[in-house]
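Good morning, colleagues. Please look at the sequence and the structure on the screen while I take you through them.

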Amino acid sequence: MTGHVKHRHRSERDAVISGIGQSDVGRRLDRTAMSLTVDACLAAVADAGLTLNDIDGLSSYPGGLMDGLNPGFGGPGTDAVQDALRLNLNWHSGGYEGPAQIQALINAAIAVSAGLARHVLVYRTVWESTAQGSGGRQGMGGAGSGGGRARMGGMLQYLLPFGAVSAANWLAMNAQRHFHTYGTTRETLGEIALNTRRNAGLNPKAIFRDPMSMDDYLGARMISTPLCLFDCDVPVDGSTAFVVSHRDYAPDVPTTAVGINAVGTALHGRPSWDQRPNMEESPLRAAADTMWARTELTRADVDTAQLYDGFSIITLMAIEALGFCAVGEAKDYLKGGHRISLEGELPLNTAGGQLSAGRLHGFGLLHEACVQLRGQGGERQVSGKPEVAVVANGGGPVAGTMLVTRGAS
Amino acid sequence: MEDIFPARVLPTVDRQNRQFWTSGEEGKLCIERCTDCGAWIHPPVGICYSCHSSSVEPTAVSGRGTIYSFTINHQPWFGDIGSYCVVLVDLEEGSATQPLRITSNLIGTEPDNVAIGMRVEVFFLNCDDVWLPQFREIR
């Protein structure tokens with residue numbers, strides 16, 4: 001197995017997040033993906049104290065070719081946004097393959113460090129709620145839709161023909177393994193869902209804000225055992241954007257620059273939903289190990305965690321992969337939900353996460369990390385001026401992670 | 001057998017995956033295997049991950065294995081067809097560190113009785129030009 005790359009120079013520290021922006025977020029907004037994207041981008045640029053003339057880099061996930069996978073998954077690609085805004089760019093990049101959604105931020109930071117750009121606009125747009133209409137969530141690749149049998153190549157051809165047509169099905173089998181091997185229970189996953197709901201009640205932009213009890217959770221309809229409705233995130237329309245700038249711009253940031261302290265990008269083992277030998281463990285583990293190897297900060301320094309929660313089991317496995325507890329110990333770590341509450345030692349998904357605030361596909365979690373580090377959390381602000389946040393994205397076949405700090409790192 | 005899924009997505013059959021998706025016509029499950037070092041390779045890619053030989057051939061396996069994991073799907077992706085069971089089957093030709101695993105369905109076992117570790121054997125469901133491996137409990 002490849003060892004960790006030891007670097008004296010850590011390129012990500014040359015970059016800061018100088019601005020953040022977000023469009024309206026909601027169910028079936030009936031807006032175009034481009035209009036949501038432009039709202040978020042303009043907000044981020046203004047927040048950074050810049051104009052579009054200052055933007056010389058553009059980065060996005062998953063690129064412009066992905067709506068065929070699942071309606072509304074892709075959003076506009078970088079070429080479309082560059083043209084819509086008539087940007088003049090020294091560097092641009094959009095794509096799907098890499099360390100999950102956050103790769104778009106990591107690429108931007110590296111581009112800034114390399115001198116390819118000074119201010120990179122980074123965005124992620126989803127419009128699954130409008131695109132998939134009122135008939136509920138769709139299976140991937142056209143499964144279950146009208147007409148004849150669709151065809152699929154690539155990795156998904158080994159899943160979709162068997163009715164395993166959603167990440168809910170695939171991750172349910174990780175959860176089943178975790179339950180089997182470690183005695184994890186539905187109540188453990190429920191603590192993650194309940195935590196997001198508590199936090200969403202303090203976030204005016206969250207989708208589901210009504211209180212939820214453990215009985216509510218346990219009584220919810222099953223989607224794919226052992227995952228119930230509240231283990232699955234909420235499809236929404238919305239766009240989130242950031243400006244990643246060179247750190248020497250940090251003193252001019254109108255709010256507070258957010259430093260990029262360390263990134264985790266590793267991929268060890270097979271990038272697959274069903275082929276990893278130990279499916280109790282997240283592919284985030286390798287990325288997390290490389291991230292911790294790139295920083296002097298430790299887990300004890302982390303003031304808030306914003307961990308991908310497309311499904312509750314991903315978050316559980318992320319807590320273990322990042323080392324906040326050992327693999328298999330989440331059932332004890334999460335018991336009662338105190339540790340991950342706003343008042344706990346590791347306030348988790350403080351805006352309500354994707355489970356309750358809406359599926360902004362990873363970018364919403366980094367946005368919230370910045371909000372917290374900038375002290376703008378309002379009613380949900382973590383007390384004691386948080387200085388360090390950890391963000392994780394992905395956690396199905398691949399993952400990426402990032403440590404961010406109040407002020408340049 | 002009537003297809004339980006009204007609009008099942010099928011694989012795009014090509015030269016690389018043809019044997020896996022069609023050998024069921026002869027009642028066999030064929031997995032790519034390295035003829036030099038014996039490693040089993042799935043999904044088929046035409047190269048051995050272990051010794052990098054390109055001398056690989058679809059090779060019949062026993063069709064027996066154990067359930068590594070499973071889920072009972074209740075979400076009506078396909079309309080109101082009732083619940084169904086998706087399984088990950090570790091075939092007996094694999095090992096703990098190099099499992100030989102395929103995603104499939106378990107047919108004929110009550111959802112409450114499905115369990116990790118259950119012994120299963122393959123059979124095939126013909127859909128157009130492909131023969132999908134399916135599994136049933138070995139009783």
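This is a predicted model: local features need pLDDT of at least 70, side-chain atom pairs count only at pLDDT 80 or more; totals for chains, interfaces and linings use all residues.

Residues are numbered from 1 along each chain as its sequence is written, chains are lettered from A and ligands numbered from 1 in the order in which they are written, and side-chain values use heavy atoms, with hydrogens and water left out.

Let me begin with chain A as a whole. Chain A has 12 helices and 12 strands; these are DSSP runs numbered from the N terminus, helices being H or I of at least four residues and strands being E of at least two. The radius of gyration of chain A is 20 Å, close to the 22 Å from the globule rule for 409 residues, so chain A is as compact as a globular protein of that length. That radius is taken over C-alpha atoms, and the rule is 2.2 Å times the number of residues to the power 0.38. The C-alpha trace spans about 50 × 50 × 45 Å along its principal axes.

Of the 409 residues in chain A, 62% are buried. Buried means under 20% relative accessible area, exposed means over 50%, and partly exposed lies in between, with a 1.4 Å probe and protein chains only. Among contacts in chain A with a separation of 6 or more, 78% are between residues 24 or more positions apart; contact means heavy atoms within 4.5 Å.

I return now to strand E12 of chain A, residues 399–406. Seven of its eight residues are buried. E12(A) pairs with strand E9 (residues 258–264) of chain A in the antiparallel sense, over five bridges, and two strands count as paired if DSSP finds at least two bridges between them. Strand E11 (residues 388–394) of chain A also runs antiparallel to E12(A), joined to E12(A) by seven bridges. In that pairing, Val391(A) has Met402(A) as its bridge partner. As a general point, side chains in a regular strand alternate between the two faces of the sheet.

What lies between E11 and E12 of chain A? The loop there contains Gly395(A). The hairpin has four residues between its strands, and Gly395(A) takes a positive phi near 125°. With a relative accessibility of 2%, Gly395(A) counts as buried. Beyond its neighbours within four places in sequence, Gly395(A) is in contact with residues including Leu171(A), Ile314(A) and Met317(A).

Next, helix H1 of chain A, residues 33–47. Its 15 residues should span 21 Å at 1.5 Å a residue, and its end C-alpha atoms are 21 Å apart, which agrees; the expected span is 1.5 Å times one less than the number of residues. Among the buried residues of H1(A) are Ala33(A), Thr37(A), Cys41(A) and Val45(A). The buried residues of H1(A) pack against strand E1 (15–22), helix H2 (78–85), strand E4 (119–127) and strand E8 (237–246) of chain A. After H1(A) comes Gly49(A), with a positive phi near 75°.

Pro76(A) sits in the loop between strand E2 (57–60) and H2 of chain A. Pro76(A) is buried, at 11% relative accessibility. Its contacts beyond four places in sequence include Ala33(A), Met34(A) and Thr37(A), as well as Tyr123(A) and Thr125(A).

In chain B, three strands form an open antiparallel sheet in the order E3-E2-E4. Its edge strands, each pairing on one side only, are E3 (40–41) and E4 (56–61) of chain B. Strand E2 (residues 29–34) of chain B and E4(B) run antiparallel, joined by six bridges, and Glu32(B) stands opposite Pro58(B).

Finally, how many disulfides does the structure hold over all chains? There are zero, a disulfide being a pair of cysteine sulfur atoms within 2.5 Å. The sulfur of Cys228(A) lies 7.2 Å from the closest cysteine sulfur, in Cys232(A), which is too far for a bond. Cys30(B) is likewise in no disulfide, as the nearest cysteine sulfur, that of Cys34(B), is 16 Å away. Cys228(A) is buried, with a relative accessible area of 0%, and Cys30(B) is buried at 5%.
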